[in-house]
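Colleague: I am new to this one and would like to learn how to read it. Please take me through it feature by feature.

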Amino acid sequence: MLRIHFTDADLATTRVATAPDELWEVAASLHRFQTRAGRWAYAEWYRTTHARLRERQLDRTVREVLLPLFPRARYFPDFLTPSRPNCADQGLDAGLDAIMSTPADRVSHELALLDQTVGAPAWVRRLTGTQERRDLVATIRAYHAVAVRPFADQIHAHLEAKRSSSCRHLLDGGVQGMLAGLGPTMRWEPPVLHVRYAADRDLHLGGRGIRLVPSYFCWDNPVSLADPQLPPVLFYPLLHEPAATALTTPLTALLGRTRATVLRVAASGAGATTGEIARAAGISPSSVSKHAGVLRGAGLLISSRHGGNVLHTLTPAGASMLRADDRASTAAPRPAAAAQDARSRSRLPSDAGVLPVHGV
């Protein structure tokens, strides 16, 4: 159990990341290769990424270089997931630059801890050198391009769904309400956040606040930095819903007024709950759940739990479909012209004009 101790100053400076932390996602995705836990939630990712790594001849490099540095264990080096102001929100390049600028003595110390904890190959000691670390950074970048970047839309969609949920908790109950709604792996008992963790420890924030980073690839237990002197960060799992089983293709199932209404209501503000959609669409909550399941299967909607409710938000693909529909409506011909045009053409097949959704 990790116990994070807050002061009033910490509550005032706690924030949720505005974007995925690319290096934490690299670390967590490498952990997915080391366990079968949660494999169902990442089945498509695992299958496609495994094939891409082989095609680009990166599988051996991942096995011999990255997995030893990012073990799924109680410890892996903090410098590989740098925590410094604005570093995460600036993306992969800023994170890799931070790895390069880590002092050699700190790198040496953390690699020694890795060796003491789980063992490490002898070559890792050379990472105190500039060229060796530059080679490591190039390897991480190549892995990210294959295993993380192709899933960027999906990762961002899940993150935005969580931010929407956290926003509602914040509006309803302030920062403490947001902390209470972080998920089943955490329990807020003021002034301490109890976190399911691989080790038993206490983290006193001491007025520094903490950056909360929802993660797509993190599974089950949240993760934090081992060194309590570093800027505090908590990297915690997003909840994954089982994919809906559709009787027809998702796009065919989308052809209908009710599901279009569900999409449009979910597009408003910070998403919409099942009850809000039911009232707007004039259907029962159970019908909303059924339609939302089809939309999730199509990759157009993300559903996440918000207290006793389920919050539905659009994915980038869903938002793109609505924008395309709006453009098509704006450009539609006037009724008389449309009728004349219809008489002059042969009948189109039933799926003509439907935009394809390329989900990851």
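Modeller: Begin with pairing: two strands pair if DSSP finds at least two bridges between them. Helices (H or I, at least four residues) and strands (E, at least two) are DSSP runs, numbered from the N terminus. This is a predicted model, in which local features need pLDDT of at least 70 and side-chain atom pairs count only at pLDDT 80 or more, while totals for chains, interfaces and linings use all residues. Residues are numbered from 1 along each chain as its sequence is written, and side-chain values use heavy atoms, with hydrogens and water left out.

Colleague: How many bridges join strand β1 to β5, and do they run parallel or antiparallel?

Modeller: Strands of a sheet pair through backbone hydrogen bonds, either parallel or antiparallel. Here β1 (residues 2-5) and β5 run parallel, joined by 4 bridges. Within β5, H204 is the residue opposite H5.

Colleague: What is the order of the strands in the open sheet that holds β1?

Modeller: The order is β3-β4-β1-β5, an open sheet of 4 strands with mixed pairing. At its edges stand β3 (186-189) and β5 (201-204); each has a single partner strand, so one side of each is left without a neighbour in the sheet. On average, neighbouring strands of this sheet are turned by 20° against each other, direction ignored. For such angles, axes are lines fitted to C-alpha atoms, for helices over the stretch in contact, and angles run from 0 to 180 degrees between N-to-C directions.

Colleague: Which strands make up the open sheet that contains β6?

Modeller: Another open sheet of 4 strands, also with mixed pairing, has the order β2-β6-β8-β7. Its edge strands are β2 (15-16) and β7, each with a single partner, so one side of each lacks a neighbour in the sheet. Inside it, β6 and β8 (residues 233-237) run parallel over 5 bridges, and P214 stands opposite Y236 in β8.

Colleague: Which strands pair with β11?

Modeller: β9 (residues 272-273) pairs with β11 in the antiparallel sense over 2 bridges, and A272 has H312 as its bridge partner. β10 (residues 301-306) is also antiparallel to β11, with 6 bridges; there, R305 is partnered by V310. The hairpin of β10 and β11 has 2 residues between the strands, and G307 takes a positive phi near 65°.

Colleague: How many aromatic pairs does a search of the whole structure find?

Modeller: Rings of Phe, Tyr and Trp (its six-membered ring) pair if their centres lie within 6.5 Å; planes under 30 degrees apart count as stacked, over 60 as edge-to-face and the rest as tilted. The search finds 12 pairs. One of them, W40 with W219, is edge-to-face, at 5.8 Å centre to centre and 85° between the planes. W40 lies in the loop between α2 (22-32) and α3 (43-55), and W219 in the loop between β6 (211-215) and β7 (223-224), so the pair ties together parts 179 residues apart in sequence. W40 is partly exposed at 47% relative accessibility, and W219 is partly exposed at 24%.

Colleague: What kind of aromatic pair do Y42 and Y216 form?

Modeller: They are edge-to-face, 5.8 Å centre to centre with 90° between the planes. Both Y42 and Y216 are buried. Ring pairs link a cluster whose members include Y42, Y216, W40 and W219.

Colleague: Where do the buried residues of α6 fall around its axis?

Modeller: An α-helix has 3.6 residues a turn, so residues three or four places apart point the same way. In α6, the buried residues are V107, E110, L111 and L114. They fall within an arc of 100° (taken from the directions from the helix axis to the C-beta atoms), so they line one face of the helix. The face turned away carries the exposed residues D105, H109 and Q116.

Technical notes:
Buried means under 20% relative accessible area, exposed over 50%, partly exposed in between (1.4 Å probe, protein chains only).
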